[in-house]
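Hi,

Here is the structure I promised to send over. Have a look at it first, and then read my notes below.

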Amino acid sequence: MSKHALRRVMTATIAAVGTLALGLTDATAHATPAPTAPLDYVALGDSYSAGSGVLPVDPTNLLCLRSTANYPHVIAATTGARLKDVTCGAAQTVHFTQAQYPGVAPQVNALTAGTDLVTLTIGGNDENTFINAITACGTAGVLSGGKGSPCKDRHGTSFEDRIETHTYPALKAALLTVRAKAPGARVAALGYPWITPATADPSCFAKLPLAAGDVPYLRGIQARLNAAVQRAAEETGATYVDFSRVSEGHDACKPSGTRWIEPLLFGHSLVPVHPNALGERRMAEQTMRVLGLS
């Protein structure tokens with residue numbers, strides 16, 4: 001082959017290789033990653049999950065007093081998840097497997113083998129233990145004029161005992177049922193944000209009428225409830241979402257705009273002693289942080 005012929009062959013080869021490389025580079029530059037399917041997300045739980053008292057109310061089920069601004073809706077809006085929200089005010093763990101109201105199916109019926117994410121706040125209503133504690137301590141606080149610890153003196157460890165003997169095993173059974181219905185899902189069991197401060201705030205008595213000594217007593221009962229949720233979560237492979245640190249300083253005694261929980265009296269919600277809109281947003285943010293979704 002002559003020099004000129006060889007030069008033409010080499011030039012053509014180099015041009016072809018260059019064109020191929022340019023094409024690959026162009027294709028790579030314009031390639032788009034395969035779209036990620038949105039999470040199939042099911043929200044279960046009680047009024048803290050439902051956002052009962054927070055407007056606007058979901059009109060599809062007024063019995064459950066479910067808000068469209070609750071923490072499940074905030075999580076879904078932020079992550080793009082496909083949300084099925086079956087949370088319901090006043091729900092107990094038994095309502096995961098039994099109808100709470102006529103026409104309101106057991107909550108776990110919303111789960112499938114394809115569910116990717118489950119969140120829940122549950123246990124606070126079981127056997128009315130915690131609401132009875134709040135009611136009993138509030139009544140005792142009013143009668144005592146805020147002095148002493150009349151609720152603790154009368155009830156002792158009875159509320160905590162019922163959490164251990166009744167609420168904890170019910171929580172564990174409920175979480176096992178969730179796992180069986182949605183074996184591939186990430187399950188997040190949320191604790192309850194602090195309702196009371198660590199110690200009595202005299203300026204709060206009009207809003208949360210607890211005797212000074214019963215403020216830490218009631219907080220201790222809530223801590224025991226959260227510990228039961230955490231233990232049940234850890235023993236069933238769920239993720240516990242802890243609010244003990246992030247909700248400190250945002251209890252019902254704090255001013256509007258700071259508090260996450262509305263007080264018993266003179267609050268801004270139809271449902272007292274429950275999260276307000278800010279509280280629901282912060283619960284969503286902490287949950288996403290713990291799950292790595294934010």
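A word on terms before the details: two strands count as paired if DSSP finds at least two bridges between them. Please also keep in mind that this is a predicted model.

Let's start with the sheet. It is open and has five strands in the order E2-E1-E3-E4-E5, with parallel pairing. E2 and E5 (239–241) stand at the edges with a single partner strand each, so one side of each has no neighbour in the sheet. From one strand to the next, the twist averages 20°.

Strand E1 (residues 40–45) is mostly covered, with five of its six residues buried. E1 runs parallel to E2 (residues 82–85), joined by four bridges, and Asp40 stands opposite Arg82 of E2. Five bridges join E1 to E3 (residues 117–121), again in parallel; here Tyr41 has Leu117 as its bridge partner. In total, E3 and E4 (residues 186–190) share four bridges and run parallel.

Helix H8 (residues 277–291) lies across E3, E4 and E5, and runs at about 145° to E5.

And what about cavities? The count comes to one of 30 Å³ or more, and the largest cavity holds about 40 Å³ of space. Its lining consists of Ile134, Gly138, Ile195, Leu208, Leu210, Leu218, Leu264 and Val273. Seven of the lining residues are nonpolar, one is polar and none is charged.

Best wishes

Terms used. Residues are numbered from 1 along each chain as its sequence is written. This is a predicted model: local features need pLDDT of at least 70, side-chain atom pairs count only at pLDDT 80 or more; totals for chains, interfaces and linings use all residues. Side-chain values use heavy atoms; hydrogens and water are left out. On a 1 Å grid over the protein atoms alone, a cavity is a set of points where a 1.4 Å probe fits but cannot get out, and a pocket is an open set with protein on both sides within 12 Å along at least five of seven lines; lining residues have an atom within 4 Å of a point. Grid points are joined across faces, edges and corners, and a volume is the space filled by probe spheres set on the points. Ala, Val, Leu, Ile, Met, Phe, Trp, Tyr, Cys and Pro count as nonpolar, Asp, Glu, Lys and Arg as charged, and the others, Gly among them, as polar. Buried means under 20% relative accessible area, exposed over 50%, partly exposed in between (1.4 Å probe, protein chains only). Helices (H or I, at least four residues) and strands (E, at least two) are DSSP runs, numbered from the N terminus. Axes are lines fitted to C-alpha atoms, for helices over the stretch in contact, and angles run from 0 to 180 degrees between N-to-C directions. Contact means heavy atoms within 4.5 Å.
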